Structures are given as structure tokens and as C-alpha cells.
Amino acid sequence: MSRKIAVIGMGHVGSTAAHYIVANGFADDLVLIDPNEGKVNADALDFKDAMPNLPFHTNITVNDYSALKDADVIISALGNIKLQDNPNDDRFAELPFTSKNVKDVAAKIKASGFNGIIVAITNPVDVITSIYQDVTGLPKKHVIGTGTLLDSARMKRAVADELHIDSRSVAGYNLGEHGNSQFTAWSTVRVLGQPISKIAAERGLDLDQLDKTAKRGGFTVFHGKKYTSYGVATAAVRLANTVLNDALTELPVSNYREEYGVYLSYPAIVGRDGIVEQCQLDLTEDELKKLQISADYIKTKFAESQEA
């Protein structure tokens, strides 16, 4: 069975995701879509020029929405990163631009007859994921945002740096909005075979500072090079592969939680049918409060995007 992925939006993130897919042979067919014809065609040619030196072949289609009909996964990477260059470091600065463009793209996806899984990276990702679901009419479990899969990775990196271990040896989650109201759910974090609270007490770790480091990670990268690319593209492709492989992996992604009435990041089992099962964490009272604040914020912003 051939594996087909589409990437919509070939800016820094979309092209990085597409390169990761091509270089690793994750798809047999790759559809690239971007209104900047020159850029998307140049990327397609560049990928074809890479193929003689790669162990994999990928068939590439450019700017053809009808090719989405039988795609397994669409990665939405469209956006305008320059809008995030604001003093508040707020991902919602992109919303007026992205909500308008996403509504247009979602309508074209629907018209193509696409019936796979949408993976949204576009910021503000929780609201954008809601818009994709709303406009395409796809089942909620088939529209997923990368959410705090990236922020959880940033938390793991921050903790691992402090303890001088591999970041893959840290387990746990950041939850809520992929944005300023997210938080590290320290009750879920385990390291060196222990709850992190125990290790923190023994080794003098400042969990509040580590939470800030994780939350600020994207902006630290952004201020250095004026965009982020590798971390988020890797998270998106991991999510796409989890779907393609029907891997049934537990991931903290943006999924629709009935009890909050909104898309937000909370661990779920992901496979070929999208969100296959939702996990139920045993959060502290403080963490539940933070999650509710995050949910309310996303809900308000989604309502605003509907008025736009």
C-alpha cells in the first residue's frame, strides 16, 4: 500500500518537514502546496536533485489539490512567522492571517474529497486545528495538532541538560495550549526511575525555572534566527509517521477533549484512525486549574476567529 503525505505551506517549517520525509523515505508520494509557485517548484526540484544520492525514491506532485483525495496525511504548515516578531512573544499574533488562509485551504481540502488525517502545525495551533475540523467536517479524531508534542520535547531537553542525560530518558508532559498558557505537568514527569519532584529535592532543581525554559524555548530559537523549524517539523513528521504506521503511540498532541469542549494538548493514543484513545492523567488540583485556564483561553480565541 503506497504511503502518501501532503505538506501545505512550504516556508521554513513545511520545507524542513518535507526534506525530513524525502531524506528518510517516509512516503512514496509527496504533495507540496504553496501559493508561492517559484518557491514550491524550486523545493520540488531541489528534492529531486537530492534523490540520486538518497537510498529512497519519492514521487513529488506540486500545487494540485485534487492529489489530496487519496492522501493518508496532510501536514498544515502554512503561516506568516514574521507576525510573531512582536514584543509579547504571542503566537496569537498570527491568528488574523492564518484563520483566513486556513478557512480557504480547508475548503479546498474538503472539495478534494480528502478522507485522511490532518496534522496541523499552523499557529495558534489549537484554534487552527478547531478551524480545520469545523470547515472540513472531518471527524474530530481525524484532525490533530502538534500541540505540546514540541513543548514536551523542550521540557525534556531542559531537564536532561540539568541532569546531564539523554533527553529521551525523561518522561512526562507539557499540557494545554501550545502557547503562553501551557504548563509542565510535573506530576507526570519521571526521570532516573523516580518522580521528578524527588530528584528535584535531592539535586536542587528549580522546576519553575525549567518550566519557563521549556515555555520560552521556541522564542529563544525564534529570536536567534527569526523562525523555528527543526523541532516543530520533527514533531509533525513523527506524528504523521505514527498515523501511517498505525503505531498506537501515546503522544501529547492537540486533540478534542469533550470535558473541556475544545482542542488542547493532552496525551492520547495515536494510530491510523487518528486519536484512537484518550488518556486520563491523575493531575494535581493546581494542574487541573492551569489546564482549565488554558482551555478557556483557547475557547475565547476560537470564538474570536469565528467572528473574523
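Start with burial: 53% of the 308 residues of the chain count as buried, meaning under 20% relative accessible area, with exposed over 50% and partly exposed in between (1.4 Å probe, protein chains only). This is a predicted model, in which local features need pLDDT of at least 70 and side-chain atom pairs count only at pLDDT 80 or more, while totals for chains, interfaces and linings use all residues. Residues are numbered from 1 along each chain as its sequence is written, and side-chain values use heavy atoms, leaving out hydrogens and water.

**Whole chain**

Show the chain as a cartoon. It has 9 helices and 12 strands; these are DSSP runs, helices being H or I of at least four residues and strands E of at least two, numbered from the N terminus. The radius of gyration is 19 Å, close to the 19 Å that the globule rule gives for 308 residues, so the chain is as compact as a globular protein of that length. That radius is taken over C-alpha atoms, and the rule is 2.2 Å times the number of residues to the power 0.38. Along the principal axes, the C-alpha trace spans about 55 × 50 × 40 Å.

**The largest core**

Select I21, L30, L32 and I75. Of the 40 residues in the largest nonpolar core, these four touch the most other members. Such a core is a set of buried Ala, Val, Leu, Ile, Met, Phe, Trp, Tyr and Cys residues joined through side-chain atoms within 4.5 Å. Now colour helix 8 (residues 230-244): it gives the most to this core, with 9 residues. Nonpolar side chains tend to be buried together in soluble globular proteins.

Zoom in on L32. Not counting residues up to four places away in sequence, L32 touches V7, M10, A18, V40, A44, F47, I60, T61, V62 and N63. Apart from this core lies another, of 38 residues, including L95, F114, V127 and A185.

Next, select S15 in helix 1 (residues 12-24). Buried or exposed? S15 counts as buried, at 15% relative accessibility. Leaving aside residues up to four places away in sequence, its contacts are M10, K39, D43 and F47.

Move to L244, in helix 8. L244 is buried too, with a relative accessible area of 8%. Beyond four places in sequence, L244 touches R3, I5, F26, D72, V73 and R272. Then draw a C-alpha to C-alpha distance from L244 to P195: the two are 33 Å apart in space and 49 residues apart in sequence.

**Backbone stops**

Go to P124, in the loop between strand 5 (117-120) and helix 4 (125-136). The peptide bond from N123 to P124 is cis, with omega near -10 degrees.

H164 comes next, in the loop between helix 5 (149-163) and strand 7 (170-175). Its phi is near 55 degrees, a positive value in a residue other than glycine. H164 counts as exposed, at 72% relative accessibility.

Finish at L192, in the loop between strand 8 (183-191) and strand 9 (194-195). L192 is not a glycine, yet has a positive phi of about 55 degrees. At 41% relative accessibility, L192 counts as partly exposed.

Key. Contact = heavy atoms within 4.5 Å.
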